[in-house]
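This report covers a pocket, a helix residue and a set of charged pairs. The sequence and the structure are shown first.

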Amino acid sequence: MTVDFARTIPILASLDIAETSAFYVDWLGFAVGYRDGSYLIVKRDDMELHFWKSDDRRFPENTSSYIRGGQVAALHEEYTARGVPNLSPFLVRPWNMKEFYIHDPHGNLLKFGCGEW
């Protein structure tokens with residue numbers, strides 16, 4: 001029997017669905033799972049992010065998502081090689097997680113972290 005575990009999937013705001021789609025596909029290596037003019041789903045391996053269309057800049061500029069797991073170090077290497085804009089250094093934070101951050105074009109903050117390095 002296959003167990004279908006519950007997952008948490010962030011739903012972030014986008015000021016422009018086409019621009020958001022291009023950033024996540026071209027820069028971050030996600031694939032589009034669904035897209036229309038007001039909603040977007042992108043996936044990469046076990047990561048899945050949803051976006052809804054908003055005209056209010058305050059939403060994406062005050063929203064974040066935390067992505068945690070063993071592939072984080074490899075993602076930082078890949079994103080560094082790609083020259084991903086707004087990519088932070090990969091550092092151990094005071095809470096003992098090694099993390100890097102990316103702001104997408106509309107201000108959503110993606111935090112990538114792992115507890116083992």
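Which element gives the most residues to the lining of the largest pocket? The model discussed here is predicted.

## Largest pocket

Strand 5 gives the most to this lining, with 4 residues. Strand 5 (64–68) and strand 4 (47–53) are the elements that give two or more residues to the lining. The pocket holds about 440 Å³ of space.

In total, 17 residues line the largest pocket, and Arg7, Thr8, Asp46, Met47 and Glu48 lie nearest its centre. The lining divides into 7 nonpolar, 4 polar and 6 charged residues.

## Serine 21

Serine 21 sits in helix 1 (residues 17–27). Its relative accessible area is 4%, so serine 21 is buried. Leaving aside residues up to four places away in sequence, serine 21 touches Val32, Arg35 and Leu40.

## Salt bridges

The structure holds 7 salt bridges. One of them joins the side chains of glutamate 78 and arginine 44, at 2.6 Å from N to O. This pair links distant parts of the chain, with glutamate 78 in helix 3 (residues 72–82) and arginine 44 in strand 3 (residues 39–44), 34 residues apart. Glutamate 78 is partly exposed at 23% relative accessibility, whereas arginine 44 is buried at 14%.

Glutamate 78 also meets arginine 82 in a salt bridge (3.0 Å, N to O). Both lie in helix 3, 4 residues apart, or about one turn of the helix. Arginine 82 is partly exposed, at 35%. A network of salt bridges links Arg44, Asp45, Glu78 and Arg82.

Aspartate 56 and arginine 58 form another salt bridge, with the closest N and O atoms 2.7 Å apart. Aspartate 56 is partly exposed at 22%, and arginine 58 is exposed at 60%.

Key. Residues are numbered from 1 along each chain as its sequence is written. This is a predicted model: local features need pLDDT of at least 70, side-chain atom pairs count only at pLDDT 80 or more; totals for chains, interfaces and linings use all residues. Side-chain values use heavy atoms; hydrogens and water are left out. On a 1 Å grid over the protein atoms alone, a cavity is a set of points where a 1.4 Å probe fits but cannot get out, and a pocket is an open set with protein on both sides within 12 Å along at least five of seven lines; lining residues have an atom within 4 Å of a point. Grid points are joined across faces, edges and corners, and a volume is the space filled by probe spheres set on the points. Ala, Val, Leu, Ile, Met, Phe, Trp, Tyr, Cys and Pro count as nonpolar, Asp, Glu, Lys and Arg as charged, and the others, Gly among them, as polar. Buried means under 20% relative accessible area, exposed over 50%, partly exposed in between (1.4 Å probe, protein chains only). Contact means heavy atoms within 4.5 Å. A salt bridge is a side-chain nitrogen of Lys or Arg within 4 Å of a carboxyl oxygen of Asp or Glu.
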